[in-house]
Amino acid sequence: MNREREAILTVFFSEIEKVLRKNLIIVLDDYHLIKDSQEINESLEFFLENQPLEVHLVIISRSDPGLSLSKFRARREVLDIREADLSFTLPKVQQFYLQLFDIPLHEESLKILNQKTDGWVSGLILFYHSLKWKNPKEIDELLYKLKGSQRIISDYLEENVYKMHSNEIKNFMIKTSILSCINAVFCNQLLGISNLEDILKYIEEDHLFTLPFDEDRVWYYCHHLFQDFLHRRLHNELIREEVLKLHKNAAVLWEKQGEYEKALRHCIKGNI
């Protein structure tokens, strides 16, 4: 890090120590937006090395920050909170709706809601705004229809997730939304490209609603609501013949792999 930034941070620490009387928590939200800026990461690493003991830093990001944190982890000075830690279980969903929104959901409705949102907290809150002042029967009907293409959820995904990415990533996401699971080799063949490994690595590191099926990270699946959102974009952005061709190609590839049930589904959707 250059001396000018180091001097500025040193003065900043000195000023903090003059006024600090108790613990101070500094929160950096949306850290993924810095796009791995070397200058910012270097400055933040200097900050971590020299911050007063009373100062605690919280970094909120959709992807792992490009910081050298191994030594801090070794000293047990880092606490990682991941998607799995934030996802709500069935009892938590029940408690969340009852205590926060005063909406009691019966067991079957809870199961459907948890399955469709995968415990995604923002999805649970967005769905709540759709069912306010609804009676139990209307709530059940909304649950069965819950999709990522619904306006309130679609707007959130559009503004906070989809539009943040390059056209290459968007094109990949909408075209593979026809698949129940994603594999680099399979999608390279489907889309006629050769860099799917890099794209999948980027999507996983960016936590873009795409999760691994297995520990080896060979197969992935897309969050249900995000897949619904992408599927709608697919039909809005591609002409019908292009969509049918995607299904036809997917059917051929699945058949070659002996996945006849998957192949049949794409044959039906591709009017083969």
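Trp254 is buried, with a relative accessible area of 2%. Buried means under 20% relative accessible area, exposed means over 50%, and partly exposed lies in between (1.4 Å probe, protein chains only). This is a predicted model: local features need pLDDT of at least 70, side-chain atom pairs count only at pLDDT 80 or more, and totals for chains, interfaces and linings use all residues. Residues are numbered from 1 along each chain as its sequence is written, and side-chain values use heavy atoms, with hydrogens and water left out.

**The chain as a whole**

- The chain has 15 helices and five strands. Both are DSSP runs numbered from the N terminus: helices are H or I with at least four residues, strands are E with at least two.
- The C-alpha trace spans about 70 × 50 × 30 Å along its principal axes.
- Of the 272 residues, 37% count as buried.
- Among contacts with a separation of 6 or more, 63% join residues 24 or more positions apart. A contact means heavy atoms within 4.5 Å.

**Aromatic rings**

- The structure holds 10 aromatic pairs. Rings of Phe, Tyr and Trp (its six-membered ring) pair if their centres lie within 6.5 Å; planes under 30 degrees apart count as stacked, over 60 as edge-to-face and the rest as tilted.
- One of these pairs is Phe88 with Phe96, which is edge-to-face, at 5.2 Å centre to centre and 85° between the planes. Phe88 is partly exposed at 23% relative accessible area, whereas Phe96 is buried at 15%.
- Trp219 and Trp254 form a stacked pair, with 5.8 Å between centres and 20° between planes. Trp219 lies in strand S5 (residues 219-222) and Trp254 in helix H14 (residues 240-256), so the pair ties together parts that are 35 residues apart in sequence.
- Trp219 is partly exposed, at 22% relative accessibility.
- Lys262 lies over the face of Trp254, 5.3 Å from the ring centre. A charge sits over a ring if NZ of Lys or CZ of Arg is within 6 Å of the ring centre and within 35 degrees of the ring normal.
- Phe12, Phe13, Phe46 and Phe47 are linked into a cluster by ring pairs.

**The cavity**

- There is one cavity of 30 Å³ or more. On a 1 Å grid over the protein atoms alone, a cavity is a set of points where a 1.4 Å probe fits but cannot get out; lining residues have an atom within 4 Å of a point.
- The largest cavity has a volume of about 80 Å³. Grid points are joined across faces, edges and corners, and a volume is the space filled by probe spheres set on the points.
- Its lining includes Phe172, Met173, Cys222 and Gln227.
- Helix H10 (167-175), helix H12 (196-205) and helix H13 (224-237) each supply at least two lining residues.
- The lining has eight nonpolar residues, four polar and no charged. Ala, Val, Leu, Ile, Met, Phe, Trp, Tyr, Cys and Pro count as nonpolar, Asp, Glu, Lys and Arg as charged, and the others, Gly among them, as polar.

**Phe172**

- Phe172 sits in helix H10 and is buried at 3% relative accessibility.
- Not counting residues up to four places away in sequence, Phe172 touches Ile182, Cys187, Leu191, Leu196, Ile199, Leu200 and Ile203.

**Positive phi in loops**

- Asp30 is not a glycine, but its phi is positive, near 55°. Asp30 is in the loop between strand S1 (24-28) and helix H2 (38-50).
- Arg76 has a positive phi of about 60° and is not a glycine either. Arg76 is in the loop between helix H3 (70-74) and helix H4 (83-86).
- Asp30 is partly exposed at 35% relative accessible area, while Arg76 is exposed at 78%.

Terms used: On a 1 Å grid over the protein atoms alone, a cavity is a set of points where a 1.4 Å probe fits but cannot get out, and a pocket is an open set with protein on both sides within 12 Å along at least five of seven lines; lining residues have an atom within 4 Å of a point.
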